[in-house]
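Let's take a friendly tour of a protein model. Have the structure open while you read, and look up each residue as it comes along.

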Amino acid sequence: MPFRYVLAAPEGVARDVLVTSLWNAGAQGIWERDDRTVVAWFDVPTGDVPSGGRWEEEPPRDWLAAWKAGLEPVTVGRLEIAPSWTRAGPSPTTIVLDPGMAFGTGHHATTRRCLAELQRRGVDGGEVLDVGTGSGVLAIAAVLLGARRAVGVETDPDAVRTARDNAARNGVAVDLRHGSLEALGADERFDVVVANLITDVVIGLAARLLDRVRPGGTLITSGISRGRAEEVARLLAELTGAHPATTVEGAWAAVTVPARR
Ligand code: SAH
């Protein structure tokens, strides 16, 4: 809708009448701006509109730019996540991200829960697996938090590319693989496995995620809808014999459990 017609109702003409004739002229949208003025959007200017108004060209709006401009850095514990266009370069506590189309700007509660759990548990010197790495945010965070090695698996090839770019942007080495758990070697085990997926996928993969946690390690699951956190916690308790810990943020929950005993 690149054109708008702005019309003030002349004295003695009901605004409703104007609105009706604007619709009849093919308006795509109408805004009754105040008592007297009506703004109508059209694909192209037309002569069928009631006379007395003026045509204006609608300035094009770059929605992506508008969205980006509004995206603020996020801080979780000692990590800050900053969109790439707001920061010049990497630092030990800032993750500089360009999420592209991939999930993981740090703005979603499920990502923040994982960042908090990674810090609560600690990953220093350990090996971390990030299942569904998206933008790579959690795997990159793990390295900044001191992990010796981080592996990210991701089923969406575009996200894998984005994650690789983001790792490079932050100057960290992350082993990023296209696929899911089958992209791992048969014997690969980790001190921390983090999986920010959706509830049903977490439930479906739970046993296989635990297979990848070495003794003494921890599984962090997230992306769980709050109302189903207990169901996930019960399942993880059954599978490990341990007590899971649930944390909630808004409508979302993360469930963390120690490795099988
Ligand atoms: N880890 C990021 C992104 C989470 S979004 C963060 O915490 O913000 C979940 C990601 O998992 C998506 O990019 C999706 O493509 C991927 N995904 C979904 N199912 C998967 C599976 N079974 N194995 C690996 N990745 C999966």
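A polar contact is a pair of N or O atoms within 3.5 Å, and inside a protein one of them must be able to donate a hydrogen and the other to accept it. Keep in mind that this is a predicted model.

- You'll find R113 in helix α3, which covers residues 109-121.
- Is R113 buried or exposed? Its relative accessible area is 15%, and buried means under 20%, so R113 counts as buried.
- The side chain of R113 makes a polar contact of 3.0 Å with the side chain of E249.
- Leaving aside residues up to four places away in sequence, R113 touches S222, T247, V248, E249 and A254.

**Helix α4**

- After α4 comes G146, which has a positive phi near 105°.

**Helix α5**

- How far apart are the end C-alpha atoms of α5? They sit 19 Å apart, which agrees with the 18 Å that its 13 residues (157-169) should span at 1.5 Å a residue.
- The buried residues here are A159, V160, T162, A163, N166 and A167.
- Looking down the axis of α5, you'd see the buried residues fall within an arc of 165°, so they line one face of the helix.
- At the start of α5, a side-chain oxygen of D156 comes within 2.9 Å of the backbone nitrogen of D158.
- Just past α5, G171 has a positive phi of about 65°.

**The aromatic rings**

- Searching the whole structure turns up 2 aromatic pairs.
- One of them is Y5 with W55, a tilted pair with 4.8 Å centre to centre and 45° between the planes.
- This pair links distant parts of the chain, since Y5 is in strand β1 and W55 is in strand β4, 50 residues apart.
- F42 and W55 also pair up: their ring centres are 5.3 Å apart and their planes are at 70°, so the pair is edge-to-face.
- F42 lies in strand β3 and W55 in β4, so this pair ties together parts that are 13 residues apart in sequence.
- Y5 is buried at 3% relative accessible area, F42 is buried at 2%, and W55 is partly exposed at 30%.
- Put together, the ring pairs link Y5, F42 and W55 into a cluster.

Technical notes
Residues numbered from 1 in each chain as written. Predicted model: local features only at pLDDT ≥ 70, side-chain atom pairs only at ≥ 80, totals over all residues. Heavy atoms only, no water. Helix = DSSP H or I, 4+ residues; strand = E, 2+ residues; numbered from the N terminus. Buried < 20%, exposed > 50% of the residue type's maximum accessible area, 1.4 Å probe, protein only. Contact = heavy atoms within 4.5 Å. Expected span 1.5 Å × (residues − 1). Arc of directions from axis to C-beta. Phe/Tyr/Trp six-rings, centres within 6.5 Å; stacked < 30°, edge-to-face > 60°.
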